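Visitor: I would like to go through one contact between two chains. Could you take me through it step by step?

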There are 4 protein chains.
Amino acid sequence: MSDSASSRLAAYYEELRQHHLGPLWNSIGSMMTPEPSPRAQPHLWRWVDVYRYVMEAGELVTPDRGAERRVVFFSNPGFAGLEPWGWGALTNTLYAGVQLLRPGEKAPAHRHNQSAIRFILQGTGAYTAVEGERIDMEPGDFLITPAGLWHDHVHVGSEDMLWLDCLDIPMLYQLGVMFFENYPEYNHPITHPNGYTTRRYSASGLRPIQDHDRTYAPQAVFKWHKTQEVLDQLTQLDPDPYDGFAVEYINPATGQAAGITIGAMMQKLVSGQHTKAHRHAHSAIYHVFRGDGATIINGVRFVWHTGDTFVIPNWAWHEHVNTGSNDAYLFSTNDGPVMERLGLERCEAHPENTQRVEREFDG
Amino acid sequence: MSDSASSRLAAYYEELRQHHLGPLWNSIGSMMTPEPSPRAQPHLWRWVDVYRYVMEAGELVTPDRGAERRVVFFSNPGFAGLEPWGWGALTNTLYAGVQLLRPGEKAPAHRHNQSAIRFILQGTGAYTAVEGERIDMEPGDFLITPAGLWHDHVHVGSEDMLWLDCLDIPMLYQLGVMFFENYPEYNHPITHPNGYTTRRYSASGLRPIQDHDRTYAPQAVFKWHKTQEVLDQLTQLDPDPYDGFAVEYINPATGQAAGITIGAMMQKLVSGQHTKAHRHAHSAIYHVFRGDGATIINGVRFVWHTGDTFVIPNWAWHEHVNTGSNDAYLFSTNDGPVMERLGLERCEAHPENTQRVEREFDG
Amino acid sequence: MSDSASSRLAAYYEELRQHHLGPLWNSIGSMMTPEPSPRAQPHLWRWVDVYRYVMEAGELVTPDRGAERRVVFFSNPGFAGLEPWGWGALTNTLYAGVQLLRPGEKAPAHRHNQSAIRFILQGTGAYTAVEGERIDMEPGDFLITPAGLWHDHVHVGSEDMLWLDCLDIPMLYQLGVMFFENYPEYNHPITHPNGYTTRRYSASGLRPIQDHDRTYAPQAVFKWHKTQEVLDQLTQLDPDPYDGFAVEYINPATGQAAGITIGAMMQKLVSGQHTKAHRHAHSAIYHVFRGDGATIINGVRFVWHTGDTFVIPNWAWHEHVNTGSNDAYLFSTNDGPVMERLGLERCEAHPENTQRVEREFDG
Amino acid sequence: MSDSASSRLAAYYEELRQHHLGPLWNSIGSMMTPEPSPRAQPHLWRWVDVYRYVMEAGELVTPDRGAERRVVFFSNPGFAGLEPWGWGALTNTLYAGVQLLRPGEKAPAHRHNQSAIRFILQGTGAYTAVEGERIDMEPGDFLITPAGLWHDHVHVGSEDMLWLDCLDIPMLYQLGVMFFENYPEYNHPITHPNGYTTRRYSASGLRPIQDHDRTYAPQAVFKWHKTQEVLDQLTQLDPDPYDGFAVEYINPATGQAAGITIGAMMQKLVSGQHTKAHRHAHSAIYHVFRGDGATIINGVRFVWHTGDTFVIPNWAWHEHVNTGSNDAYLFSTNDGPVMERLGLERCEAHPENTQRVEREFDG
């Protein structure tokens with residue numbers, strides 16, 4: 001290109017920019033990539049770090065109408081510098097954090113059009129209340145808070161209580177459609193008897209007749225002891241080649257993801273079990289509920305132990321191995337339901353079943 | 001009308017008939033009734049009678065490729081004289097009968113586009129095999145045989161075994177679309193490990209990851225001890241005003257009726273419990289699994305005891321009462337899913353909540 | 001079998017019958033046939049006959065609150081002797097008849113849970129009113145009357161007007177769920193401006209913004225001149241091998257059958273065109289709008305001319321040929337939507353593409 | 001707070017940041033806003049500017065395998081500084097630009113999982129080919145390119161041709177799931193006859209029988225002369241209070257948005273017509289096909305003339321007025337289908353029907 005042509009082009013680009021216009025021909029490569037190139041990166045957080053900062057938050061802040069919740073959230077390095085999701089996105093669509101509620105504390109009632117799920121990590125004695133139902137929480141329990149329902153948290157016990165929250169905040173932020181509303185009082189009233197869900201949904205395939213036409217998710221909690229029993233039963237059958245012995249948490253009234261726009265799964269890997277590698281369009285957040293092992297993501301080996309959290313971005317090859325001597329339990333949550341509703345899901349098996357490890361993740 | 005006009009009209013009607021034509025104006029009243037007027041009538045069969053004839057069939061016939069199944073079926077008096085459904089329809093759409101399999105017997109493998117459900121009445125030691133899954137049967141268990149799947153029965157135990165079969169034979173007969181096919185051998189092979197379903201679907205809301213895209217009903221059996229536990233749990237909450245403490249059997253992957261076109265429900269009524277009256281477009285077949293009581297259907301009181309079978313036709317008012325001193329368990333099956341799929345379901349509460357009893361049913 | 005055994009068996013069967021019970025083992029063959037064996041038979045009615053009797057009805061009866069409608073309906077010989085559908089069923093699920101409205105006449109307003117479609121045969125000057133919309137009728141027009149909507153007919157012109165009605169009466173009769181209600185006055189009021197549908201739905205793929213959330217079929221009429229234009233356009237492309245140049249009438253808001261539970265199609269066959277044979281689970285009623293030709297149904301050749309009506313029962317092989325020198329137009333209506341909603345549809349191509357003609361239909 | 005507490009807190013926040021963690025309690029206000037607060041701002045681009053730069057691009061760049069397309073795209077000022085969607089997002093989810101194809105030029109074939117729609121602005125003689133169908137383009141035509149289909153552009157005429165492209169690039173970028181693939185040759189082959197769509201979909205409610213089970217959008221083009229006729233017909237009926245005389249472009253086989261994840265609408269406003277104000281969760285891009293008027297967005301008046309483009313972000317109040325003496329035609333495209341599929345759509349009427357204008361937009 002001649003100097004004058006080159007200079008005219010530079011001027012042209014600058015004029016475009018001033019008119020809030022842009023040239024597709026030199027940006028299409030970054031706008032439309034051959035394969036997914038999500039900002040979210042594979043990453044792993046050590047429980048020892050997360051736990052230290054969450055407990056310190058216990059000293060620094062108290063949940064109330066201003067602070068709402070005492071949560072330390074995960075911030076994917078790939079979003080660094082991008083506000084506000086630079087702070088709050090763990091994958092391109094999902095937010096997750098660890099919440100601490102101390103004996104005697106309460107977190108105020110609100111509702112929002114984001115969907116939320118919770119996975120209980122430590123402690124007992126606290127409950128979440130969702131639209132009038134008190135849901136007592138124990139380690140390993142999975143809870144849902146469907147979009148639009150009032151909810152708050154109350155601690156009536158004596159142990160610090162920690163759980164993992166996951167919401168579709170980054171997606172709704174990016175879609176530009178967030179609604180959030182405080183309840184007029186601090187807590188909203190409990191209107192259902194204790195144990196409402198567990199009494200109504202205690203076996204597979206049996207739905208209380210009153211829920212025949214129910215539209216939102218009727219099962220508020222999925223108890224750990226049930227999940228563990230199911231996984232023990234599954235262990236006597238063939239595992240899934242990619243996910244091991246694994247169950248999805250679903251709405252028993254519809255078969256859709258319990259979390260509506262947020263999928264969730266619990267996987268059990270027995271000692272030595274090594275799954276085959278695959279990749280899928282959706283992204284996932286993993287939390288090691290129990291065990292020791294490693295996950296190889298796009299050729300990088302992420303060693304994990306109980307309490308660690310790690311990310312599998314969209315379309316990343318991944319396989320898991322339990323290197324410990326006990327069963328490992330991996331909880332994970334994902335945006336698969338969004339991909340399915342928008343016709344974007346796809347899945348691919350690794351041609352060689354297992355990846356070559358190129359390096360170890362070292363933080 | 002003059003004699004000649006009247007005579008011309010008679011001749012006209014006869015000519016129409018000969019040309020396979022008909023006059024709407026004098027038949028519309030019977031063709032389009034203001035409210036449902038099903039051929040099926042309310043009726044009740046005593047277990048003592050049914051049992052006697054089923055056991056006598058045990059002497060008279062053996063299931064094999066010609067007889068297929070040893071079943072005594074219920075024949076609604078409203079269809080008397082109509083072949084073949086005069087024999088085989090219990091409601092306008094549903095067939096039901098009691099099947100006997102004796103120790104050492106087998107019933108051959110076939111498949112059909114009718115959907116089937118089974119409810120186990122007595123005995124142990126036999127199993128149904130559906131598409132390679134062996135399903136051991138115990139009293140109170142509910143099993144499904146989805147349309148199009150190979151299935152047969154085998155008795156490896158030592159007690160006579162009886163169960164209730166229900167299929168949508170009359171509906172498919174009337175729709176004109178029945179397909180039925182014998183398996184090339186007597187039995188089809190078992191390909192799943194024992195206890196496949198119970199290991200895979202042992203808790204509500206947890207779906208094995210391999211079933212994420214499953215299209216047909218993945219839960220083959222709903223065990224009685226689970227059902228009873230769920231009903232005991234529900235008994236601690238408010239009952240449904242019309243159905244008492246009740247659960248539907250559903251496909252846990254979709255929330256639709258487990259029997260696809262055939263709905264099913266188990267109701268528990270505690271001693272003295274008397275439900276409110278209502279009516280719905282769909283029809284239902286009831287089998288008294290345990291207990292003593294009565295159901296008032298369109299003003300007629302049907303007293304029932306363990307083992308009795310009775311019919312609630314479409315749009316019939318009905319209410320139930322447990323007159324015994326123990327819990328009563330009513331199993332029922334219905335064509336609600338068909339009504340819903342065709343946009344025909346409707347439901348109405350009785351304006352006075354309870355009916356005036358005009359007479360007792362006496363057989 | 002010994003005499004005493006045989007005699008005991010006869011007594012047993014008689015006892016069963018008296019107890020409203022039946023033996024499956026000797027009726028399963030008629031209850032569950034290997035392939036569909038619908039009562040409806042292939043049959044053809046000559047227009048000359050139908051027209052004569054419809055016009056004679058014009059002398060014998062007048063539509064009013066008692067007679068409701070002046071319709072001569074088709075009565076499939078396969079249902080002879082069965083009341084009331086022995087008179088009123090053309091296929092296992094569908095009723096059809098020819099209605100006559102004379103200048104100055106009106107037919108009263110009613111509504112019902114049956115779905116209705118109409119196809120206009122002769123005359124002008126009358127309209128059907130559906131839920132407040134006046135729909136002027138011309139030969140070749142296709143109209144729908146969705147279940148639950150008030151409708152009546154009014155003739156403000158000067159020519160006898162004839163049309164074909166088709167309803168799912170036999171199906172609803174058999175399902176046992178008919179509702180029918182008279183409007184409190186003779187006619188119901190017109191609330192929409194003239195030409196409402198044709199102004200709102202005049203091109204494919206363009207939906208008035210007010211219908212974004214509309215639930216029932218918004219297009220009340222499909223005009224013949226539009227249908228003919230579309231078929232002329234299609235004639236420049238490849239025909240469907242089994243149906244020729246053919247369009248379905250659909251609800252433009254959902255893509256489902258315009259008649260909800262009743263499918264409908266218009267086929268054009270050019271001179272000499274002979275389609276391949278196939279069969280499908282659903283049944284169909286054909287009316288020859290224009291032309292001369294023949295349809296071979298299960299090896300029997302049915303020759304047809306303008307105005308004739310014929311039946312293709314479920315799972316019957318069929319192929320069409322235009323033996324005239326002009327284009328032939330075949331209107332047909334079917335229960336395909338029911339089969340699809342209940343998961344019962346299937347379709348098969350004839351292995352030799354064309355059937356061997358075994359005989360001619362001769363009435 | 002004491003100095004030491006404050007200093008500890010600052011250190012704590014910095015440690016969190018280094019560990020890729022964040023404190024929810026001081027970011028929840030920006031992450032979960034009471035109402036939508038999209039980055040996209042209301043903005044308007046003058047046609048005189050856009051046209052000048054597009055035509056200059058005609059000198060500077062030629063579509064080929066490297067440049068792919070000669071498009072000047074709109075870049076919402078709200079995304080300034082954010083790469084890459086700082087350049088390419090017009091609303092939070094949608095990209096749009098003006099493409100120029102000159103006589104004799106071709107743009108190469110590719111496919112991607114983004115959905116695309118096109119609205120033709122000027123010229124004749126070029127066609128888009130989609131999965132083997134040649135679609136000739138004229139001003140006012142609306143075209144779709146469903147995700148996953150091969151497509152390219154070819155100019156065989158003699159006039160410069162300009163059209164508006166809209167894709168869901170920003171949404172897929174943010175979701176992290178983009179796939180893009182080049183066809184192995186420059187163009188992909190035409191396999192359908194000319195005028196394929198227009199011959200197959202020329203009237204509302206009539207679907208070629210071959211498309212009974214078609215899964216993707218079968219109508220490739222919606223011709224302007226048809227759209228104008230429909231709007232002229234609608235003008236004889238009552239307008240929609242918020243959108244005037246308006247139609248959505250839909251998939252005639254399903255009633256869903258023609259563009260799958262991208263909705264589109266054409267509105268006609270007669271001289272002097274002023275709509276009521278409302279707001280909805282979804283965002284929209286407007287292009288003034290013809291006319292002069294103004295749109296008030298969140299109290300700011302945007303005056304528009306033929307060819308101008310403007311943005312209505314999520315949940316922004318808006319109302320339109322035609323201030324010219326001729327009919328105005330507003331084309332618009334939106335992310336409503338995404339909001340509906342994810343359960344996020346909501347709509348609200350302005351309590352006073354019209355907004356108070358606070359200022360004029362001046363670029």
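Guide: One definition comes first: two strands pair if DSSP finds at least two bridges between them. Note also that this is a predicted model.

Visitor: Which strand of chain C is joined to β3(B)?
Guide: Three bridges join the two strands, which run antiparallel. Two bridges are enough for a pair. In this pairing, Phe74(B) stands opposite Leu21(C). The partner of β3(B) is β1(C), residues 21-23.

Visitor: How much area do chain B and chain C bury between them?
Guide: The contact takes 79 residues from chain B and 79 residues from chain C. Of the area they bury, 68% is on carbon and sulfur atoms. The total is about 7,400 Å².

Visitor: How far apart are the closest N and O atoms of Glu56(C) and Arg8(B)?
Guide: Across the interface of chain B and chain C, two salt bridges are found. The rule asks for a side-chain nitrogen of Lys or Arg within 4 Å of a carboxyl oxygen of Asp or Glu. Glu56(C) and Arg8(B) form a salt bridge, with a closest N and O distance of 2.1 Å.

Visitor: Which element gives the most residues to the side of chain B that touches chain C?
Guide: Several elements of chain B each supply at least two residues to this side, among them α1 (3-18), α3 (47-60) and β3 (71-74). The one that gives the most, with seven residues, is α3(B).

Visitor: How many residues on the side of chain B that touches chain C are nonpolar?
Guide: This side also holds 19 polar and 14 charged residues. The nonpolar residues number 46.

Notes:
Residues numbered from 1 in each chain as written. Chains lettered and ligands numbered in written order. Predicted model: local features only at pLDDT ≥ 70, side-chain atom pairs only at ≥ 80, totals over all residues. Heavy atoms only, no water. Contact = heavy atoms within 4.5 Å. Buried area = accessible area lost by both parts, 1.4 Å probe. Helix = DSSP H or I, 4+ residues; strand = E, 2+ residues; numbered from the N terminus. Nonpolar A, V, L, I, M, F, W, Y, C, P; charged D, E, K, R; others polar.
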